[in-house]
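Me: I am new to this structure and would like to learn how to read it. Please take me through a few features, one at a time.

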Amino acid sequence: FGTAVGVIEGMRRSFLALVKTTADVEKAMTQIAVVAGDNFSKAGISIEQFGKQIFQTAKLTGQSFETTSKAALEFSRQGLGVQETLKRTRDALILSRISGVEYKTAVDGLTSTLNAFKQSGIDSTTVINKLVAVDNAAAVSLVDLIEGLQRSASVAQLTGQNIDQTIASIATLQEITARGGSQIGNSLKSIFTRLYDEDSIKFLETFQGGVIKVRDEVGNLIPAIEIMRNLGNAIKDLPKDQQINIFKDISGLYQVNAAAALAGQGLQELNKQRSIYDKILGTSEGAKDNALAANATLAEILSAKFNTLGVQLEEILNSAGKIGVKNPLSSLLDSLIDTGDFLQSILEGTDLFSQSIQKIGSFLGGSLFSPAVFGAIAIAIGKIGVNFATFAINAGKTFLGLNAAGQEQAAIQKSIAAYI
């Protein structure tokens with residue numbers, strides 16, 4: 001009997017998992033299809049084929065189907081094509097896997113970076129490879145780089161930096177100050193903005209007869225990070241208090257520490273060695289398939305294989321559900337909904353049949369909930385209570401009697417033992 005119950009319970013759970021997986025996958029794919037509009041037809045791909053790609057991406061990146069579909073939905077909302085959505089979903093989830101950040105943080109960070117530097121034609125795979133390369137080579141985490149880019153990428157691009165220079169600036173300040181990506185991103189945003197201010201440019205161009213280069217040969221402003229390098233070189237031999245005042249005028253009171261660290265220790269050569277910034281810049285510029293290689297390594301660990309197996313089972317359940325459950329269950333639910341609508345129309349209808357049913361219901365309700373019925377129920381409950389109390393008293397007496405009999409028997413045995 002126990003074995004039979006176990007088998008039945010296992011079948012029940014399997015069926016519920018089958019139904020739930022089928023419903024969840026259908027819901028996720030429908031949400032993406034609604035947002036994507038006609039992008040699927042333009043790409044010549046069906047929603048079922050897209051679903052297979054989502055399952056494949058989940059297995060490749062060590063994520064669940066739910067997380068992968070949510071990331072794909074976020075990118076679909078940006079109006080991207082199907083293939084670009086799949087590519088950015090994969091790259092964002094690889095970034096999430098390596099860094100440990102939530103998928104939403106990876107999606108937002110990747111999106112803000114790509115939007116800021118879209119004129120350069122950079123793609124999402126290149127971005128994550130650069131981030132992972134710098135993460136491996138410098139004292140900075142992927143989380144710091146992502147958070148720093150989110151806050152500074154747009155301003156960095158407007159003030160002449162490319163993505164490599166921006167990543168190197170964030171990593172340099174993190175290595176020197178260890179303030180965290182969010183604060184560093186906000187600092188760079190303030191420093192670069194104020195550095196390109198008209199008054200700041202005028203001050204720099206006239207400082208010591210124009211020794212600080214701020215424009216190129218055709219008169220355009222050079223990248224803000226290079227202006228910071230030139231500023232650092234120009235004032236490095238001045239007294240410290242004068243340097244501080246200059247940085248305060250250029251960057252503002254609250255960013256003096258960051259500006260001084262970047263222009264000084266970060267950008268200046270030490271003992272004829274490349275500066276911290278230039279080393280990190282070279283790493284970012286020379287990045288290859290660092291992120292993809294790291295993801296491939298992580299795919300070999302046991303937890304990744306368990307995740308792949310779990311996603312594979314979800315995919316199997318979804319396929320089985322579409323074949324044997326979806327249509328019959330959908331028809332059953334439609335029938336129940338129609339039945340509910342029919343009953344509702346009767347209870348609220350004004351035709352003769354509906355009014356007759358309503359009167360019968362009113363009569364039965366009045367009869368069932370009348371004072372007489374409540375009184376009878378109360379009497380029955382009272383009798384049950386009395387019977388229970390009587391039973392409890394009798395049981396107590398019996399128990400006490402058994403206890404007394406046991407004591408008498410023990411006394412007799414003791415007397416016999418004494419006599420012998």
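Me: Is isoleucine 280 buried or exposed?

Reply: First, the ground rules. This is a predicted model, where local features need pLDDT of at least 70, side-chain atom pairs count only at pLDDT 80 or more, and totals for chains, interfaces and linings use all residues. Residues are numbered from 1 along each chain as its sequence is written, and side-chain values use heavy atoms, with hydrogens and water left out. Now the term: buried means under 20% relative accessible area, exposed over 50%, and partly exposed in between (1.4 Å probe, protein chains only). Isoleucine 280 has a relative accessible area of 6%, so it is buried.

Me: Where does isoleucine 280 lie?

Reply: Helices are DSSP runs (H or I, at least four residues), numbered from the N terminus. Isoleucine 280 lies in helix H15, residues 276-285.

Me: Which residues does isoleucine 280 touch?

Reply: Contact means heavy atoms within 4.5 Å. Leaving out residues up to four places away in sequence, isoleucine 280 touches Val134, Ala138, Ala168, Ala171, Thr172 and Glu175. Take alanine 168: it is 112 residues from isoleucine 280 in sequence, but 5.4 Å away in space, C-alpha to C-alpha.

Me: How do I read a pair of aromatic rings?

Reply: Such a pair is described by the distance of the centres and the angle of the planes. Rings of Phe, Tyr and Trp (its six-membered ring) pair if their centres lie within 6.5 Å; planes under 30 degrees apart count as stacked, over 60 as edge-to-face and the rest as tilted.

Me: How many aromatic pairs does a search of the whole structure find?

Reply: The search finds 2. Phenylalanine 55 and phenylalanine 65 are stacked, at 4.5 Å centre to centre and 25° between the planes. This pair links distant parts of the chain: phenylalanine 55 is in helix H3 (residues 47-61) and phenylalanine 65 in helix H4 (residues 65-76). Both phenylalanine 55 and phenylalanine 65 are buried.

Me: Why is the pair of phenylalanine 203 and phenylalanine 207 tilted?

Reply: Its planes are at 50°, so the pair counts as tilted; the ring centres are 5.7 Å apart. Phenylalanine 203 is partly exposed, at 30% relative accessibility. Phenylalanine 207 is buried, at 12%.

Me: What about charged side chains?

Reply: Side chains of opposite charge can pair when their charged atoms come close. A salt bridge is a side-chain nitrogen of Lys or Arg within 4 Å of a carboxyl oxygen of Asp or Glu. A search of the whole structure finds 12. One of them joins lysine 104 and aspartate 108 (3.1 Å, N to O).

Me: What separates lysine 104 and aspartate 108 in helix H6?

Reply: An α-helix has 3.6 residues a turn, so residues three or four places apart point the same way. Lysine 104 and aspartate 108 are 4 residues apart in helix H6, so about one helical turn separates them. Lysine 104 is partly exposed at 34% relative accessibility, and aspartate 108 at 29%.

Me: Which residues are linked in a network of salt bridges?

Reply: Glu226, Arg229 and Asp278 are. Glutamate 226 and arginine 229 have their closest N and O atoms 3.1 Å apart. Both lie in helix H12, 3 residues apart. Glutamate 226 is partly exposed, with a relative accessible area of 22%, whereas arginine 229 is buried, with 16%.

Notes:
Helices (H or I, at least four residues) and strands (E, at least two) are DSSP runs, numbered from the N terminus.
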